[in-house]
Amino acid sequence: MSFQDAIRVCLQRKYADFNGRARRSEFWFFVLFSAIVSAVGGVLDAIFGLRAGSYGGTGPIQGVFQLALLVPSLAVGARRLHDIGRSGWWQLIGLVPVAGWIVLLIFFVQDSRPANQYGPSPKNPGEGYAQAPQEPPYPQY
């Protein structure tokens, strides 16, 4: 999946879709996009002098950008966890400082699993499901 495809999927087709699965490329490209948007927001806040402190702090432009990307970030994170066979609720472990972040990072870098309760593998969509038998064509008289 390309960078543009990942952004299009996460922002247009699956903005708040917590169902299904997401490949590693979709997840990490969206993380990269979020980081770029956050950096641009921070630079704009600094240019317009809207930052609270000289170092750090989130200005209003960066805050709006981050708020707009919150739901799709949670959604793609849940779909990524579904891809390795885990519930999206595992994202809550990220609230535990350091140890939780490490656990989530390990989960997010794992390879896709075969078909599971969340659907077929996005890497190999036909994997894990038997092909439905084809109906014979109707005779033409």
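Analyst: Among the contacts (heavy atoms within 4.5 Å) in the protein chain with a separation of 6 or more, 62% are between residues 24 or more positions apart. The model is a predicted one, in which local features need pLDDT of at least 70 and side-chain atom pairs count only at pLDDT 80 or more, whereas totals for chains, interfaces and linings use all residues. Residues are numbered from 1 along each chain as its sequence is written, and side-chain values use heavy atoms, with hydrogens and water left out.

The protein chain has 4 helices and 0 strands (DSSP runs numbered from the N terminus, H or I of at least four residues for helices and E of at least two for strands), and its elements follow the order α-α-α-α from the N terminus. Of the 141 residues in the protein chain, 29% are buried (under 20% relative accessible area, with exposed over 50% and partly exposed in between, using a 1.4 Å probe and protein chains only).

Turning to the aromatic side chains, a search of the whole structure gives 6 aromatic pairs (rings of Phe, Tyr and Trp, the last by its six-membered ring, with centres within 6.5 Å; planes under 30 degrees apart are stacked, over 60 edge-to-face and the rest tilted). The pair of Phe30 and Phe33 counts as tilted because the ring planes stand at 40°, with the centres 6.0 Å apart. Phe30 and Phe33 both lie in helix α2 (residues 24-47), where a spacing of 3 residues means that about one helical turn separates them. Both of these phenylalanines are buried, and together with Phe3 and Phe29 they form one aromatic cluster.

Another aromatic ring, that of Trp90, has the charged end of Arg86 sitting over it at 5.2 Å from the ring centre (a term that requires NZ of Lys or CZ of Arg within 6 Å of the centre and within 35 degrees of the ring normal).

A further arginine, Arg79, belongs to helix α3 and counts as buried because its relative accessibility is 0%. Leaving aside residues up to four places away in sequence, Arg79 touches Phe18 as well as others including Cys10, Asp17, Arg21 and Glu26. Arg79 and Glu26 are 53 residues apart along the chain, yet their C-alpha atoms are separated by 9.9 Å.
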